[in-house]
Amino acid sequence: MDSIWNFPGVDRGVTMIPHYYGTVARQLLLGAATLVLVASPLYSGDLRVEFPFIVIGAVIMVAFAGLISPRKRWTSLGGAIVSGMGMVVYATWGLVEYDVINPIAFALRLAIAVIFLFSFYFGMKTLRAFMLHQIGKRESVDEFESEEEK
């Protein structure tokens, strides 16, 4: 039993794959897409003009969140690219207009950027594991020792 939440005989539907963080990246992308849509009236300068772009962006986020898989490297790459672009767009949008928007809009834009930042981080961790062929492999005590030292 790893923690108090792991009850014997109860399937929580979550399978832990070593070195795979796509599930976390997916959840963060879905959270960002939800916040982008729900909070758009609070942070948008001109909702009539910006709303179509917000909706298209949210659809792209949800699409890549749904595609992320431990079997396909390109899905993690796409999720990381979407997260990185979202982080840059929302951080820039918030910081460039910080003096002309209300504090709630500023805080929401930066909160969305921070969610994208964490999604980008976990997406890149997954990509690194793909490149090093570590997805699904458990760590060993002698992982960093050379063959001669073993």
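How many salt bridges does the count come to by the rule used here, a side-chain nitrogen of Lys or Arg within 4 Å of a carboxyl oxygen of Asp or Glu? The count comes to one salt bridge, and the tour reaches it at the second stop.

This is a predicted model, in which local features need pLDDT of at least 70, side-chain atom pairs count only at pLDDT 80 or more, and totals for chains, interfaces and linings use all residues. Residues are numbered from 1 along each chain as its sequence is written, and side-chain values use heavy atoms, with hydrogens and water left out.

**Stop 1: the whole chain**

Show the protein chain as a cartoon. There are five helices and zero strands, where helices (H or I, at least four residues) and strands (E, at least two) are DSSP runs numbered from the N terminus. Of the 150 residues, 33% count as buried; buried means under 20% relative accessible area, exposed over 50%, and partly exposed in between (1.4 Å probe, protein chains only). The protein chain exposes about 10000 Å², and carbon and sulfur atoms supply 67% of that area. Accessible areas come from the Shrake-Rupley method with a 1.4 Å probe; for residues, only the protein chains shown count as cover.

**Stop 2: Arg109 and Glu97**

Select Arg109 and Glu97, which form a salt bridge with the closest N and O atoms 3.0 Å apart. The pair links distant parts of the chain: Arg109 is in helix α5, while Glu97 is in the loop between α4 (73-96) and α5, 12 residues apart. Arg109 counts as buried, at 0% relative accessibility. Glu97 is partly exposed, at 27%.

**Stop 3: Thr126**

Stay in helix α5 (residues 103-131) and select Thr126. Thr126 is buried, with a relative accessible area of 1%. Beyond its neighbours within four places in sequence, Thr126 is in contact (heavy atoms within 4.5 Å) with His19, Tyr20, Tyr21, Gly22, Ser76 and Ile135.

**Stop 4: a nonpolar patch**

Switch to a surface view and select Leu37, Val38, Leu47 and Phe51, which form a nonpolar patch with about 340 Å² of accessible area together. Patches are made of residues with over 30% relative accessible area and no salt bridge; like charges are joined within 9 Å, nonpolar side chains (Val, Leu, Ile, Met, Phe, Trp, Tyr) within 5 Å. The elements that give two or more residues to the patch are α1 (22-38) and α3 (47-67). Finish on Leu47, in helix α3, which is partly exposed at 32% relative accessible area.
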